[in-house]
Amino acid sequence: MNIRDIKPETLADLNMDPLWLPFTANRQFKQQPRLLVSAKDMFYTAIDGRQILDGIAGLWAVNGGHCRAPIVEAIKRQAENVDYVTGFQLHHPAAFNAAERLVRITPPGMGHAFFVNSGSEAVDTALKIALAYHRARGEGTRTRFIGRERGYHGVGFGGISVGGMVANRRVFAGGMLPGVDHMRHTHLAENAYSRGQPEHGAHLADDLETLVALHGAENIAAVIVEPVAGSTGVLVPPKGYLQRLREITLKHGILLIFDEVITGFGRTGKAFAAQTFGVTPDMITCAKALTNAAVPMGGVIVKNEIYDAFMTGPANMIEFYHGYTYSGHPLAAAAAIATLDLFAEEKLFERGEAMSSYLADAAHSLKGLPHVIDVRNIGMVCGIELESLPGKPTARAFEAFLRCYEKGILIRTTGDTIALSPPLIIEKSHIDRIFETIREVLKTLP
């Protein structure tokens, strides 16, 4: 059965039982399914024909808007030309072109990209690069990783080990990587309702000095943080925090990894948050908007000296024993090239930066409404934190999600925070509608 042919009255014919949905309350969903059958620009079309305004860019990912013709056509052309080539001892031109196109927009000195298929794979790849890099330089004792409380780095065992979202870790505690420690998060009560970067909290970067004193710098391979922690509820870095982390890591020879799976490709007003905040890490992980989410793809962008450290020994020897069947897949590479070209041609990073103040004004206008206890924003992303229902964490925000969806607005919730990250093609009228709907919903929540 073609999903486009399913009518609301025949929804019962769709057997949903075999599919186990990710990060979803499966039983609730299958009782009240929310199915989307088409998309264009700022809108999805639901199975009942309603238009749903996308306030979250799919999942922090469709920065250029849905079903953009240049990307669709690029994928079609590539599929007609060559559908698959392994990246093991072979490859195809599109992968090289995608990497060259990507490193054009990275911070200076970050000139090499290793392609993967998701943000989770990008994180695990970056951790492996860090270990192998130190070993290649004769510092094989550097095996420890430092993450951060409330951090999200995907769902691989490496990612959940350095991550700090408790629910994502608890069930898998026995399978964590050894030798991982965590710094404190930067969510401080005194920063409530900050517009942009909060004033307080740069001192929390000194947690890293404490961990260096505990473990010894010679045993620490890398620190990984999200420049803006997205999945935990939009935690914006305090002024000076990332700069201080960079100073400490350089002082002790520790690699700094920025997980920019969410913040990359215009979300904070620049190509990467590293550029927004003026801090160049040693590695950047990316995914999501790299292909405008049209085909799964991720990447690890590394400084030139990291790549060069591997390029030693006999030329016929594999330098890094790592990779995936679909690394640099032809369709993904074609989508990436078309996406990056679209971002440039339509100046979407600049557009996002220009629209960010309007989004900020709209978000902070919710202060004082029922249940709202904080509003946070940076670039084209904001978080609206709600007071939890007593004894029912996440329930209030989830109810807001359901009610907004019924009113034709797609939001994202994490814990009891509403997160918004719309496509960068958004118009002011769309922002108005999103926040008018949220305002209405907040007034009706229990």
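Me: Which residue does Glu 440 form a salt bridge with?
Reply: In this predicted model, Glu 440 forms a salt bridge with Lys 407, and the closest N and O atoms of the two are 3.9 Å apart.

Me: Is Glu 440 buried, partly exposed or exposed?
Reply: Glu 440 is partly exposed, because its relative accessible area is 43%, a value that falls between the limits of 20% for buried and 50% for exposed. Lys 407 also counts as partly exposed, at 44% relative accessibility.

Me: How many salt bridges does the structure hold?
Reply: There are 21 salt bridges in the structure. As a general point, side chains of opposite charge can pair when their charged atoms come close.

Me: What does Arg 68 meet in a salt bridge?
Reply: The side chain of Arg 68 meets that of Glu 346, with a distance of 2.5 Å from N to O. This pair links distant parts of the chain, 278 residues apart, with Arg 68 in the loop between α2 (57-60) and α3 (69-81) and Glu 346 in the loop between α12 and α13 (348-364).

Me: Is Arg 68 buried or exposed?
Reply: Arg 68 is buried, since its relative accessible area is 13%, whereas Glu 346 counts as partly exposed at 32% relative accessibility.

Me: What about Arg 101, which residue does it form a salt bridge with?
Reply: Arg 101 forms a salt bridge with Asp 341, and their closest N and O atoms are 2.8 Å apart. Here too the pair links distant parts of the chain, because Arg 101 is in helix α4 and Asp 341 is in helix α12, 240 residues apart. Arg 101 counts as buried at 8% relative accessibility, while Asp 341, at 28%, counts as partly exposed.

Me: Which residues are linked with Glu 139 in a network of salt bridges?
Reply: Arg 137 and Arg 142 are linked with Glu 139 in such a network.

Me: Changing topic, how much space lies in the second largest pocket?
Reply: About 1,200 Å³ of space lies in the second largest pocket. It is lined by 33 residues, and the closest to its centre are Gly 87, Phe 114, Tyr 307, Glu 319 and His 322. The elements that give two or more residues to this lining are α4 (93-103), β4 (112-116), β10 (298-302) and α11 (304-310).

Me: Which of them gives the largest share of the lining?
Reply: The largest share of the lining of the second largest pocket comes from α4, which gives five residues. Sorted by class, the residues of the lining divide into 21 nonpolar, 10 polar and two charged.

Me: How many cavities of 30 Å³ or more does the structure hold?
Reply: The structure holds four cavities of 30 Å³ or more, and about 110 Å³ of space lies in the largest cavity. Of the 13 residues that line the largest cavity, the closest to its centre are His 187, Asn 191, Pro 198, Val 236 and Arg 376. By class, the lining of the largest cavity has five nonpolar, six polar and two charged residues.

Me: One last topic: what is the phi of Trp 60?
Reply: Trp 60 has a positive phi of about 60° although it is not a glycine. In general, most residues other than glycine have a negative phi. Trp 60 is found in helix α2 and counts as buried, at 3% relative accessibility.

Me: And what is the phi of Lys 347 near?
Reply: The phi of Lys 347 is near 50°, a positive value in a residue other than glycine. Lys 347 lies in the loop between α12 and α13, and at 52% relative accessibility it counts as exposed.

Methods: Residues numbered from 1 in each chain as written. Predicted model: local features only at pLDDT ≥ 70, side-chain atom pairs only at ≥ 80, totals over all residues. Heavy atoms only, no water. 1 Å grid on protein atoms, 1.4 Å probe; cavity = no way out; pocket = protein on both sides within 12 Å on 5 of 7 lines; lining within 4 Å. Points joined across faces, edges and corners; volume = space filled by probe spheres on them. Helix = DSSP H or I, 4+ residues; strand = E, 2+ residues; numbered from the N terminus. Nonpolar A, V, L, I, M, F, W, Y, C, P; charged D, E, K, R; others polar. Salt bridge = Lys/Arg side-chain N within 4 Å of Asp/Glu carboxyl O. Buried < 20%, exposed > 50% of the residue type's maximum accessible area, 1.4 Å probe, protein only.
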